[in-house]
Amino acid sequence: MPPGREDVARAVTLVEDGRSFRYVAWIIGALLGSIHRAMQCYRELGTYNRRLRSSCRRSTSAKDDRFLSATSA
């Protein structure tokens with residue numbers, strides 16, 4: 001699960017105090033990569049806003065689905 005705003009605020013504070021990313025991820029209960037990406041975003045933008053994404057990306061479009069169902073029947 002990606003860290004929320006409160007978790008990122010805690011992570012920023014801990015990293016600025018000299019803690020390692022691994023320690024911060026362990027304390028917050030998030031993956032190391034999630035903490036790293038959140039910190040990178042925070043350093044670049046000065047704020048942290050989660051990007052909304054769909055949970056599963058489609059590999060085919062609706063048009064492709066209709067074509068595949070029509071030709072496979």
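Colleague: Among contacts in the protein between residues at least 6 apart in sequence, what percentage join residues at least 24 apart?

Modeller: A contact means heavy atoms within 4.5 Å. Among such pairs at least 6 apart in sequence, 43% join residues at least 24 apart. Please note that this is a predicted model, in which local features need pLDDT of at least 70, side-chain atom pairs count only at pLDDT 80 or more, and totals for chains, interfaces and linings use all residues. Residues are numbered from 1 along each chain as its sequence is written, and side-chain values use heavy atoms, with hydrogens and water left out.

Colleague: What is the mean pLDDT of the protein, and which element has the lowest mean?

Modeller: Where pLDDT is low, the predicted coordinates should not be read in detail. The term denotes the predictor's confidence in each residue, from 0 to 100. Here the mean is 82, and 82% of the residues reach 70 or more.

Colleague: Which residues of H2 are buried, and where do they lie around the axis?

Modeller: An α-helix has 3.6 residues a turn, so residues three or four places apart point the same way. Buried means under 20% relative accessible area, exposed over 50%, and partly exposed in between (1.4 Å probe, protein chains only). In H2, Phe21, Val24, Ala25 and Ile28 are buried. They cover an arc of only 100 degrees, taken from the directions from the helix axis to the C-beta atoms, and therefore lie on the same side of H2. These buried residues pack against helix H1 (5–16) and helix H3 (32–45). The face turned away from the buried side carries the exposed residues Arg22 and Trp26.

Colleague: What follows just after H2?

Modeller: Gly29 takes a positive phi of about 85 degrees there.

Colleague: Is Glu6 buried or exposed?

Modeller: Glu6, which lies in helix H1, is exposed because its relative accessible area is 62%. The C-alpha atoms of Glu6 and Ile28 are separated by 10.0 Å, although the two are 22 residues apart along the chain.

Colleague: What percentage of the residues count as buried overall?

Modeller: Of the 73 residues of the protein, 23% count as buried.

Notes
Helix = DSSP H or I, 4+ residues; strand = E, 2+ residues; numbered from the N terminus.
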